[in-house]
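Biologist: Hi, could you walk me through this one? I'd like to start with how you decide on strand pairing.

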Amino acid sequence: MATRHRHHQLADMSADAVLSFAEQRHAARLDAERDILEAAYQWAVLHSPDALPATDKRGRERAKPAGALGTPKITEHAAATFGARIQTSPYGAKKLIADAVDLVHRLPKLWAGVQAGQVRSTHARHVADATRELSAEEAAWVDGEVVEIADGRLAWSRFEAVVEGKVAAASPELTKAKEEAAAKDTFIRRSRVDKHGIMTMTIRDHAAVILGSEAGLDATADGLKDQMPDATKTERRLAAFALLTNPEAHVDLTVGPVKPKVLIRLHCTPDSAIARMEGHGPLTVQYVRHLVDHFASQVKVQPVINLNQGASVDAYEIPHRLREAVHLIHPGDTFPFAANLSRQVDLDHQIPYAEGGPTSTDNLGPLTRTHHRIKTHAGWEVRQPFPGIVIWRDPHGAHYLVDQTGTRKVTATRRDRTPPRPDRFGRVVIVCDLAA
């Protein structure tokens with residue numbers, strides 16, 4: 001209702017009034033970002049190992065500096081609860097807290113500007129991240145050099161360039177070490193397939209190697225002019241690349257190169273023109289046929305797993321078929337606001353096996369090792385009332401519902417005053433209302 005009313009207000013505004021409204025909301029957004037940054041610092045203070053009661057050992061043993069080396073320590077899993085409240089992952093919250101702590105303890109001029117509303121929190125956080133490897137004295141020098149221009153007056157790319165220069169000037173030795181490390185950071189890496197079936201390969205090496213390879217590529221492409229008279233230079237270079245790296249490839253790329261063995265998992269349904277290539281994204285069924293006809297040396301069709309029928313085994317170990325069923329139910333990490341979609345994760349018994357939790361699709365969920373440790377050691381609780389619907393409770397009583405549409409904060413409610421009766425695995429039905 002409030003949103004609809006605001007839209008009616010905007011519809012009645014003059015051009016000047018709309019600009020004034022946008023300016024005011026922008027200022028409010030900047031203030032909110034500053035407030036959240038200050039809250040992140042206070043969260044770090046509250047979760048110092050020294051602030052915990054003597055009987056509370058959660059995260060104390062593995063506490064680490066919240067920001068740069070020498071800053072106060074914070075308990076291991078403190079970031080997870082804070083991150084969920086601001087709809088970000090534990091990793092994102094950890095970075096936010098690190099920036100806030102560094103600003104307070106290493107960049108006092110920028111921090112004072114943030115508190116006074118004169119420095120943008122995004123700019124201050126960038127400086128905190130860029131100076132994390134500097135000594136306290138070097139960071140303080142950069143602080144004084146950039147505080148005046150951290151109010152948004154410069155375009156972001158120009159601000160980044162200034163900060164980069166100041167960091168290099170503050171520590172030439174560190175800059176040299178990074179240059180030497182970059183010289184050794186060579187690789188050949190391919191990207192994910194995009195929605196049109198196109199992939200990018202990135203090659204990083206010494207300039208002399210790349211330039212020499214490019215010259216050989218151009219020479220081979222020039223030799224293909226007679227065979228490919230209507231092709232563009234780019235098309236001939238791509239054909240040359242295929243020939244140089246795979247001598248059995250055909251110049252006519254529609255024929256297809258030699259067929260190597262590559263595992264590609266395609267998920268198809270009879271009533272859809274779109275298939276999903278696991279780990280990459282959607283493809284048209286027409287393009288799937290093209291992949292099979294021209295590139296696949298072998299096609300293995302897996303039987304359909306009926307996800308409506310729960311599967312379980314009477315053991316702690318998880319067999320392949322059950323693991324596959326869990327992955328299909330939960331394509332990604334089930335922790336609130338988690339981003340990981342890899343298969344290389346832990347499958348967690350949400351009710352521990354040692355406490356009677358079954359090894360079944362309705363008691364297993366994928367978690368990264370970090371999120372698994374948070375669940376085990378930081379006071380979080382999780383239940384899966386139905387396969388694919390996961391409800392988390394953080395140590396402060398907030399509830400989050402995670403399903404294939406994402407994460408939503410919910411409010412747990414009770415239909416009546418009768419205490420819920422857990423089943424033999426300790427599970428109860430929780431009725432949730434979506435939080436406003």
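Modeller: Happy to. Two strands count as paired if DSSP finds at least two bridges between them. Keep in mind that this is a predicted model.

Biologist: Okay, so how many bridges join β9 to β11, and do they run parallel or antiparallel?

Modeller: There are 4 bridges between β9, residues 346–349, and β11, and the two strands run antiparallel. With the cut-off at two bridges, β9 and β11 therefore count as a pair.

Biologist: Which residue of β11 is the bridge partner of Asp348?

Modeller: That would be Gly365 in β11.

Biologist: And the faces of β11, are they covered or open?

Modeller: Both are covered. Leu364 and Pro366 are buried on one side, and Gly365 and Leu367 are buried on the other.

Biologist: Why would neighbours land on opposite sides like that?

Modeller: Because side chains in a regular strand alternate between the two faces of the sheet.

Biologist: Is Thr368 buried or exposed?

Modeller: Thr368 has 17% relative accessibility, so it counts as buried; the cut-off for that is under 20%.

Biologist: What does Thr368 touch, leaving out residues up to four places away in sequence?

Modeller: On that basis, Thr368 touches Asp333, Asn340 and Val345.

Biologist: Let's switch to helices. How do α3 and α4 cross?

Modeller: The axes of α3 (residues 78–85) and α4 (residues 90–106) come within 8 Å and cross at roughly 100 degrees. That makes α3 roughly perpendicular to α4.

Biologist: Which residues make the contact?

Modeller: From α3, they are Ala79, Ala80, Phe82 and Gly83. From α4, they are Pro90, Ala93, Lys94, Leu96 and Ile97. By class, this contact of α3 with α4 has 7 nonpolar, 1 polar and 1 charged residues.

Biologist: How many residues of α3 are buried?

Modeller: 7 of its 8, which leaves α3 mostly covered. The buried ones are Ala78, Ala79, Ala80, Thr81, Phe82, Gly83 and Ala84.

Biologist: And what covers them?

Modeller: The cover includes α2 (15–46), β2 (73–74), α4, α14 and β14 (399–403).

Biologist: Is Gln87 buried or exposed?

Modeller: Gln87 counts as exposed, because its relative accessibility is 60% and the cut-off is over 50%.

Biologist: What is the phi of Phe337?

Modeller: Phe337 has a positive phi of about 65 degrees and is not a glycine either. Phe337 is found in the loop between α13 (320–329) and β9. At 18% relative accessibility, Phe337 counts as buried.

Biologist: Last topic, the chain as a whole. How many helices and strands does the protein chain have?

Modeller: The protein chain has 14 helices and 16 strands. Of its 436 residues, 33% are buried.

Biologist: What share of the contacts with a separation of 6 or more comes from residues 24 or more positions apart?

Modeller: Such residues account for 52% of those contacts in the protein chain.

How values were computed: Residues are numbered from 1 along each chain as its sequence is written. This is a predicted model: local features need pLDDT of at least 70, side-chain atom pairs count only at pLDDT 80 or more; totals for chains, interfaces and linings use all residues. Side-chain values use heavy atoms; hydrogens and water are left out. Buried means under 20% relative accessible area, exposed over 50%, partly exposed in between (1.4 Å probe, protein chains only). Contact means heavy atoms within 4.5 Å. Axes are lines fitted to C-alpha atoms, for helices over the stretch in contact, and angles run from 0 to 180 degrees between N-to-C directions. Angles under 35 degrees count as roughly parallel, over 145 as roughly antiparallel, 65 to 115 as roughly perpendicular and the rest as oblique. Ala, Val, Leu, Ile, Met, Phe, Trp, Tyr, Cys and Pro count as nonpolar, Asp, Glu, Lys and Arg as charged, and the others, Gly among them, as polar.
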